[in-house]
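This report describes one protein model for a reader who is new to structures. Keep the sequence and the 3D view at hand while reading.

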Amino acid sequence: MLNGMSDEQAWDARYSEENRIWSGKPNVELVAEVSDLPPGRALDLGCGEGADAVWLAGRGWQVTAVDLSGVALKRAAKHAADAGVTVDFQQHDLEKTFPAGEYDLVSAQFLHFWADFDREKILRRAAESVAPGGVLLIEGHMDHGPFKHDGHPEIHFPTPPELIAALNLGDSWAVLKATTHPRQQKGPDGDVIERTDSTVKLRRTA
Ligand SMILES: C[S@@+](CC[C@H](N)C(=O)[O-])C[C@H]1O[C@@H](n2cnc3c(N)ncnc32)[C@H](O)[C@@H]1O
């Protein structure tokens with residue numbers, strides 16, 4: 001709940017502010033980290049307008065893509081149709097329900113919210129849905145950057161080691177990458193800004 005709106009209403013309102021919020025291109029780190037993987041079953045968590053899901057499907061992945069916002073999902077479905085690819089788009093509030101099945105790739109690209117939400121609980125559930133041999137890729141911000149507005153709660157953005165510890169993974173996992181890195185992005189005023197992101201890439205070994 002934020003300003004009297006449910007989380008779904010808040011995201012629908014955010015997406016309704018513009019015809020398109022995100023670039024329409026797949027996330028750079030997804031492309032960098034996944035290009036070498038053999039296509040299989042992929043799950044995109046918080047898929048937004050669908051650019052990652054469409055890119056994965058175009059490379060032969062069988063993609064399930066999930067978001068809370070019906071407005072975003074409608075846009076994502078149009079993007080997939082325009083690109084001539086098939087994606088199984090599903091609407092879930094991932095704090096409450098999660099898509100069935102197991103996946104060779106589970107990707108969470110900037111699964112953030114300006115309100116507080118239980119991201120770590122969702123990511124723990126995400127780890128459970130990775131098939132043996134599969135990869136969990138989590139890309140996140142290290143701060144709000146210039147996107148924080150008055151009234152937004154303070155949120156702690158975990159470092160890669162903090163996030164890995166919070167996932168409670170046990171022995172059957174290998175850490176392939178756990179880094180922070182700068183990334184350039186268009187800020188709210190249209191200027192290009194630099195902010196710090198984090199990449200956590202894990203393989204389920206058994
Ligand atoms: C910062 S956007 C990132 C979108 C996309 N992954 C990208 O990189 O362009 C976060 C997305 O997570 C979705 N989201 C937030 N909370 C969610 C929840 N509880 N369940 C499912 N999706 C959620 C939002 O609707 C939004 O599309």
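## Charges, fold and packing

The mean position of the 21 positive charges of the protein lies 4 Å from that of the 32 negative charges. Here Lys and Arg count as positive and Asp and Glu as negative, while His and the chain ends are not counted. The place of a charge is taken as NZ of Lys, CZ of Arg, CG of Asp or CD of Glu.

The model is predicted: local features need pLDDT of at least 70, side-chain atom pairs count only at pLDDT 80 or more, and totals for chains, interfaces and linings use all residues. Residues are numbered from 1 along each chain as its sequence is written, and side-chain values use heavy atoms, with hydrogens and water left out.

**Overall fold.** The protein has six helices and seven strands. Helices (H or I, at least four residues) and strands (E, at least two) are DSSP runs, numbered from the N terminus. In order from the N terminus, the elements are α-α-β-α-β-α-β-β-α-β-α-β-β. The radius of gyration is 16 Å, close to the 17 Å that the globule rule gives for 206 residues, so the protein is as compact as a globular protein of that length. This radius is taken over C-alpha atoms, and the globule rule is 2.2 Å times the number of residues to the power 0.38. Along the principal axes, the C-alpha atoms fill a box of roughly 45 × 40 × 35 Å.

Of the 206 residues, 48% are buried. Buried means under 20% relative accessible area, exposed over 50%, and partly exposed in between (1.4 Å probe, protein chains only). Among contacts (heavy atoms within 4.5 Å) between residues at least 6 apart in sequence, 69% join residues at least 24 apart.

**Helix α3.** This helix covers residues 51-58, and seven of its eight residues are buried. The buried ones are Ala51, Asp52, Ala53, Val54, Trp55, Leu56 and Ala57. They pack against α2 (28-34), β1 (41-45), β2 (62-67), α4 (70-83), β3 (87-91) and β4 (103-109). After α3 comes glycine 60, with a positive phi near 100°.

Valine 87 touches Ala53, Ala57, Val63, Ala65 and Ala80, leaving aside residues up to four places away in sequence. Glutamine 62 is 25 residues from valine 87 in sequence, and their C-alpha atoms are 7.2 Å apart.

Serine 107 belongs to strand β4 and is buried, with a relative accessible area of 1%. Not counting residues up to four places away in sequence, serine 107 touches Leu30, Leu43, Asp44, Leu45 and Leu137.

**Aromatic pairs.** How many aromatic pairs does a search of the whole structure find? There are five. Rings of Phe, Tyr and Trp (its six-membered ring) pair if their centres lie within 6.5 Å; planes under 30 degrees apart count as stacked, over 60 as edge-to-face and the rest as tilted. Two of the pairs are listed here.

| Pair | Centre to centre | Between the planes | Type |
|---|---|---|---|
| Tryptophan 11 and tryptophan 114 | 4.6 Å | 55° | tilted |
| Phenylalanine 113 and phenylalanine 117 | 5.8 Å | 80° | edge-to-face |

Tryptophan 11 is in helix α1 (residues 7-16) and tryptophan 114 in the loop between β4 and α5 (119-128), so this pair links parts of the chain 103 residues apart. Both tryptophan 11 and tryptophan 114 are buried. Phenylalanine 113 counts as buried too, at 6% relative accessibility. Ring pairs join Trp11, Tyr15, Phe113, Trp114 and Phe117 into a cluster.
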